[in-house]
Amino acid sequence: PETPPPNHGVHPKILFDKHSDRFFFVSIFNDETSSSIYVAVSKNSDPRPLEWNAMKIDSKIIMDEKEYQASYPGLAVDEEAIYITTDFFEMGNRTNFLGNRLWILNKNN
């Protein structure tokens with residue numbers, strides 16, 4: 001499992017999934033050169049033991065020689081998948097908005 005960096009993530013979201021009886025968590029971890037989304041899933045319906053399965057998604061985008069990082073994640077689940085959305089802004093220039101992106105993660109993986 002992935003371990004988030006020691007600095008704190010931003011815009012965390014957590015929800016309970018009635019289909020799998022587990023909690024899902026997402027947060028953004030950005031710095032001057034990278035952008036990552038951390039996704040974690042509780043091992044059961046009790047979120048308190050911090051024994052979660054986690055993964056990291058590299059979310060940095062390079063387009064036209066500009067680097068963009070993820071921000072403001074959205075999180076949803078259904079019977080089959082986890083859905084994560086983010087906005088993208090240019091690194092170092094939060095006013096330059098690129099657009100949105102959707103990740104669909106199969107729950108069986």
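E67 is partly exposed, its relative accessible area being 31%. The structure containing this residue is a predicted model. The side chain of E67 forms a salt bridge with that of K60, with an N to O distance of 3.0 Å. K60 also counts as partly exposed, at 27% relative accessibility.

Three salt bridges are present in the structure. Side chains of opposite charge can pair when their charged atoms come close. Besides the pair K60 and E67, a salt bridge links R48 and D46, again with 3.0 Å from N to O. R48 is exposed, with a relative accessible area of 69%, whereas D46 is partly exposed, with a value of 27%.

D17 belongs to strand β1, while K107 is located in the segment after β8 (93-106), so the contact ties together parts that are 90 residues apart in sequence. D17 is buried, at a relative accessible area of 1%. K107, by contrast, is partly exposed, with a relative accessible area of 22%; this assignment holds because values under 20% are required for a buried residue.

Strand β1 is also part of an open sheet of four strands, arranged in the order β1-β2-β3-β4 with antiparallel pairing. The edge strands are β1 (10-17) and β4 (52-58), each of which pairs on one side only. On average, neighbouring strands of this sheet are turned by 15° against each other, with direction ignored. Strands of a sheet pair through backbone hydrogen bonds, either parallel or antiparallel. In the case of β1 and β2 (residues 22-30), which run antiparallel, six bridges join the two strands. Within this arrangement, L15 stands opposite F24 in β2.

When neighbours within four places in sequence are left aside, the contacts of S71 are H11, I28, T86, D87, F89 and R94. Of these contacts, H11 falls within the range of edge strand β1 (10-17), and I28 falls within that of β2 (residues 22-30).

Conventions: Residues numbered from 1 in each chain as written. Predicted model: local features only at pLDDT ≥ 70, side-chain atom pairs only at ≥ 80, totals over all residues. Heavy atoms only, no water. Pairing = 2+ DSSP bridges. Axes fitted to C-alpha atoms, helices over the stretch in contact; angles between N-to-C directions. Contact = heavy atoms within 4.5 Å. Salt bridge = Lys/Arg side-chain N within 4 Å of Asp/Glu carboxyl O. Buried < 20%, exposed > 50% of the residue type's maximum accessible area, 1.4 Å probe, protein only.
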